[in-house]
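I opened my notebook to record what I looked up in this model, one topic per entry. The structure comes first, and my notes follow.

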Amino acid sequence: MPSRPLAAIRMSAALQPTVFSDGLLARLCATVELGPLGAGTEILITGWGCPVISDETLDGLPKLRAVVHAAGTVKGHLREAVWRRGIAVSSAADANAEPVADYTLALIILAGKRSFFYARQYAAGRIHSLAHGTGDGNDGLTIGVVGASRIGRRVIERLERLGYYRVLVSDPYVPGSIDLDDLCRQSNVVTLHAPALPSTRHMIDDRRLGLMRDGTVLVNTARGSLVDTDALVRHCAAGRIDAVLDVTDPEPLPAGHPLFDLPNVLVTPHIAGAQGRERLRLGEFAVAEVERLVRGEPLLGAVLLENLGRLA
């Protein structure tokens, strides 16, 4: 019998080296014995590209006691059966939340100056330097944060540290937060951080887009399904609101979609989460979580079944 627990990694082979450096793998191997997934596996380390862990898979893993996910959401590959069998689940979502919050803050600051709109106008020769003009600015803007999620809370903290924004929050689980309709009416920038659930699908629909004042900027780094894309196209095409979208519905948008061509819309290919060198944060979190598990300590990234229904 090995002196260390048996563990296996299931994730995209191409992505694994970007998440687990040689140093992190060496540290992991000092705690567990890495090998192929099999009947003796006690700890399963997953990541992007992991297939669904089905009941049949679980039947072949009688000793499995924990799944440690070196990425964000676990909904894509884990089903309730994992928790029902008493298997502990952990996610590196906290580690992934940091770059998303940083990216969102950067977008809000740029959106406050309407940077993306002015860049396209400048390139088309429609405007000249605004160095001594009126332009737009961030001081005193009202930022509406939809969803005090793991990422939403970090965005709120960053905005409050800057000190020159008025921050509104709408979240049904947060006492004292405001109604979403009121947030849409009052905000200069609306930033989305709610999970993708049946109850949140198209929460930003034609009616709520209509509640937003002219010149409002919608920022979405959460889930594309939160926004009614067709309605958004109409409001942006009319020039009423601007949009900065890192996620869309559908994702990706088909070639030639009108959102790509509108001068007041910027669409990026889901890059807010950990990219490149940032992915090592996920591996670091996962390795530390495995170490805590083996030492018998509480998991910092524990995902509980009772919370699964309102997680991203």
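Before writing about strands, I noted that two strands pair if DSSP finds at least two bridges between them. Helices (H or I, at least four residues) and strands (E, at least two) are DSSP runs, numbered from the N terminus. I also wrote down that this is a predicted model, in which local features need pLDDT of at least 70 and side-chain atom pairs count only at pLDDT 80 or more, while totals for chains, interfaces and linings use all residues. Residues are numbered from 1 along each chain as its sequence is written, and side-chain values use heavy atoms, with hydrogens and water left out.

**Entry: the sheet**

I looked up the strand order and found an open sheet of five strands, β2-β1-β3-β4-β5, with parallel pairing. β2 (33-34) and β5 stand at the edges with a single partner strand each, so one side of each has no neighbour in the sheet. For background, I noted that strands of a sheet pair through backbone hydrogen bonds, either parallel or antiparallel.

Going through the pairs, I saw that strand β1 (residues 6-10) is joined to β2 by two bridges in the parallel sense, and that Leu6 stands opposite Glu33 in β2. Strand β3 (residues 43-46) pairs with β4 in the parallel sense over four bridges, where Thr46 stands opposite His69. On to strand β5 (residues 88-91), which runs parallel to β4 and is joined to it by four bridges; here Val68 stands opposite Ser90.

**Entry: two helices**

I then turned to helix α5 (residues 93-112) and helix α7 (residues 150-162), which pack at an angle of about 45° with their axes 8 Å apart. The axes are lines fitted to C-alpha atoms, for helices over the stretch in contact, and angles run from 0 to 180 degrees between N-to-C directions. This makes α5 oblique to α7, because angles under 35 degrees count as roughly parallel, over 145 as roughly antiparallel, 65 to 115 as roughly perpendicular and the rest as oblique.

Which residues meet there? Taking contact to mean heavy atoms within 4.5 Å, I listed residues of α5 including Ala97, Val100, Ala101 and Leu105, and residues of α7 including Ile151, Val155 and Leu159.

**Entry: Arg281**

Arg281 has its place in helix α12 (residues 280-295) and counts as partly exposed at 36% relative accessibility. Arg281 and Asn96 are 185 residues apart in sequence, yet 7.6 Å apart in space, C-alpha to C-alpha. Leaving out residues up to four places away in sequence, I found that Arg281 touches Ala95, Glu98 and Pro99.

**Entry: backbone details**

The peptide bond from Asp249 to Pro250 is cis, with omega near 5°, and the bond from Glu251 to Pro252 is cis, with omega near 0°.

Last, I noted that His202, although not a glycine, has a positive phi of about 55°. His202 lies in the loop between β8 (189-192) and α9 (206-211) and is partly exposed, at 25% relative accessible area.

Terms used
Buried means under 20% relative accessible area, exposed over 50%, partly exposed in between (1.4 Å probe, protein chains only).
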